[in-house]
Amino acid sequence: MDIHRAFAEAVAWDDGKLRRLGRVDMRRDLLTAFAEQLSADDVVVVEATGNASAVVAVLAPHVKKVVIANPMQVRMIAHAKIKTDTIDAGVLAQLYASGFLPEVWVPDEPTQALRRQVTRRNQIVRQRSRLKNIIQSILHSHLIPSCPHADLCGAKGRAWLVEQVVPEDERLAIERHLREFDRLGEDLKVIERDLARSALADESVKRLMTVPGIDMVVALALTAAIGEVTRFDEPQKLVSYLGLNPSVRQSGPGPAHHGRITKQGRGHARGMLVEAAWAAARAPGPLRAFFLRVRARRGQHVAAVATARKLAVVIWHLLTKSESYVWARPSLHAKKLRDLELRAGYKAARGQKGAAHAYNSKSHRDGERRWVEQAETVYARFVTGWNPQGPKKVRTGAATEVRR
């Protein structure tokens, strides 16, 4: 089936021949009527689109299997000289019949719901950032310097905004943008409350939060993107799924050339990992030692991406082995969980000593910090003198001596 927004073109591969089934209206009742005409032994192939999950949910009870094709790898459809909906559907059918169709993993309903909630939160955060940028552009157009406070839309930032001299129409526009910013903030609190409740009920999310730099937002985004970690046989496959593996170009006897990361897969999860890498680089521990070692050779931006890749490997081991991060700081993790409970709507217990009380003690924090700093020192000493590329050799066709 070649799916569009309003209809789908359907063909059948039967005994080595293509048979056109016609167009199917993409309304739920008409799609269900079409599914009832299919056999229980049929396999339906669709391409990954925005409504592919809903189509799978309607068709799956009536057929043997519903396969979602990866559009990035089915390139013969996009580059075909003669391209129609019937031909596109026929190509999908022939690829599956020959065993060459690249399939997409279909997550279960809880994972899909979590992905939708994470996407909604990301959209609201982007809209709030857009409103801040609009207000900044209004100030810039009237030669007003940047806000001296950290948060333009905070209490101090708004007090500073009131003191600025701008035309009346611009002031009214700023007030409208601030009202929209506050309305989005209320929606953000509701979504984060639901996400926090989901995180408290998921042991894997709390396990990921033991890693420095990973909070509720990053842990949930990674959990939603990864889904079932058992579908990745090794950590390198998870790294490739997140697009953090370097691209490789090699042909014939020539050497392999490694370039930038592929940036394939789920971009939001990859961005969350990079943000977590920057935070982990500021916290004591082996991850910071790794960041500093790469930064000395390649610069801080390459080091951040390399640390994000290292985090992906660590996450695979934590989820696969059901273990917490060995260099976790217990009081910091307890504080993260307490913040998670407050976001979920739990009542504040002021004046009472909870699990996160130790984080308020400076001596306790310093003791944990010295412990992880020792691990950082041991790691830095262990990798001193490493040359990950090995001795450089001359290219093919010349002498095979090693260059010093």
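What you see is a predicted model, where local features need pLDDT of at least 70, side-chain atom pairs count only at pLDDT 80 or more, and totals for chains, interfaces and linings use all residues. Residues are numbered from 1 along each chain as its sequence is written, and side-chain values use heavy atoms, leaving out hydrogens and water.

Let's start with the big picture. The C-alpha trace spans about 75 × 75 × 50 Å along its principal axes. You'll find 15 helices and 8 strands in the protein; helices (H or I, at least four residues) and strands (E, at least two) are DSSP runs, numbered from the N terminus. Of the 404 residues, 39% are buried, meaning under 20% relative accessible area with a 1.4 Å probe, counting protein chains only.

Now zoom in on an open sheet of 3 strands, with the order 4-5-6 and mixed pairing. Strand 4 (43-47) and strand 6 (103-104) stand at the edges with a single partner strand each, so one side of each has no neighbour in the sheet. Two strands pair if DSSP finds at least two bridges between them. Strand 5 (residues 65-69) and strand 6 run antiparallel, joined by 2 bridges, and Ile68 sits opposite Val104 in strand 6.

What about the helices here? Helix 2 (residues 52-59) lies across strand 4 and strand 5, at about 165 degrees to strand 5. Helix 4 (residues 85-98) lies across strand 4, strand 5 and strand 6, at about 125 degrees to strand 4. Those angles run from 0 to 180 degrees between N-to-C directions, with axes fitted to C-alpha atoms, for helices over the stretch in contact; contact means heavy atoms within 4.5 Å.

Definitions and conventions: Buried < 20%, exposed > 50% of the residue type's maximum accessible area, 1.4 Å probe, protein only.
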